[in-house]
Amino acid sequence: MSDTAGNTHVATAKFRQEGVHEWQSEQGITDATLIAAALDAQAEATLALAYEQRTSNLIAFYGYGDIVDLETIRERLGL
């Protein structure tokens, strides 16, 4: 997974995956550790995609009245 500026879910996913891998190294690769890794990765990936979709919607609506300001977009993009 590549870093996406401003998207905290990417960093959270990496952090949690490291924790699951550490747990796997202690417990071994079991059904429980494999399921935990898969569920955590899927949940964080979904949140990361939702964040990116919201950012693209903000960009699309920029300029239509005062729905969103440029600073909000810059913050979400990590600029």
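Analyst: Start with Thr33, which sits in helix α2. Helices here are DSSP runs of H or I with at least four residues, strands are runs of E with at least two, and both are numbered from the N terminus. This is a predicted model, in which local features need pLDDT of at least 70 and side-chain atom pairs count only at pLDDT 80 or more, while totals for chains, interfaces and linings use all residues. Residues are numbered from 1 along each chain as its sequence is written, and side-chain values use heavy atoms, with hydrogens and water left out.

Is Thr33 buried or exposed? Thr33 counts as buried because its relative accessibility is 0%. Buried means under 20% relative accessible area, exposed means over 50%, and partly exposed lies in between, with a 1.4 Å probe and protein chains only. Which residues does Thr33 touch? Not counting residues up to four places away in sequence, they are Val20, Trp23, Gln24, Gln27 and Gly28. Contact here means heavy atoms within 4.5 Å. Take Val20 from that list. Val20 and Thr33 are 13 residues apart along the chain, and their C-alpha atoms are separated by 7.1 Å.

Gly28 follows α1, and its phi is positive, near 90°.

Now step back to the whole protein. Three helices and zero strands make up its secondary structure. From the N terminus on, the order is α-α-α. Of the 79 residues, 22% are buried. Among contacts with a separation of 6 or more, 41% join residues 24 or more positions apart.

Back to α2, which covers residues 31-61. After α2 comes Gly63, with a positive phi near 100°.

Which residues of α2 are buried? They are Thr33, Ala37, Asp40, Glu44, Ala48, Tyr51, Thr55 and Leu58. Their cover includes α1 (8-27) and α3 (70-77).

Asp40 is one of these buried residues. Asp40 counts as buried because its relative accessibility is 15%. Leaving aside neighbours within four places in sequence, Asp40 is in contact with Arg16 and Gln17. Next along α2 is Ala41. Ala41 is partly exposed, with a relative accessible area of 33%. Ala41 and Ala13 are 28 residues apart in sequence, yet 6.5 Å apart in space, C-alpha to C-alpha.

Both Gln17 and Ala13 belong to the buried set of α1, along with Val10, Val20 and Gln24. These cover an arc of only 85° around the axis, so they lie on the same side of α1. The arc is that of the directions from the helix axis to the C-beta atoms. The buried residues of α1 pack against α2. On the other side of α1, Thr8, Ala11, Phe15, Glu18, Ser25 and Glu26 are exposed.

Thr55 counts as buried because its relative accessibility is 4%. Beyond neighbours within four places in sequence, Thr55 is in contact with Arg76 and Leu77. Glu75 is in α3. Glu75 counts as exposed because its relative accessibility is 59%. The C-alpha atoms of Glu75 and Thr55, 20 residues apart along the chain, are separated by 9.9 Å.

A last point is confidence. The pLDDT, the predictor's confidence in each residue from 0 to 100, averages 78 over the protein, and 89% of the residues score at least 70. Confidence is highest in α2, at a mean of 83, and lowest in α3, at 77. Where pLDDT is low, the predicted coordinates should not be read in detail.
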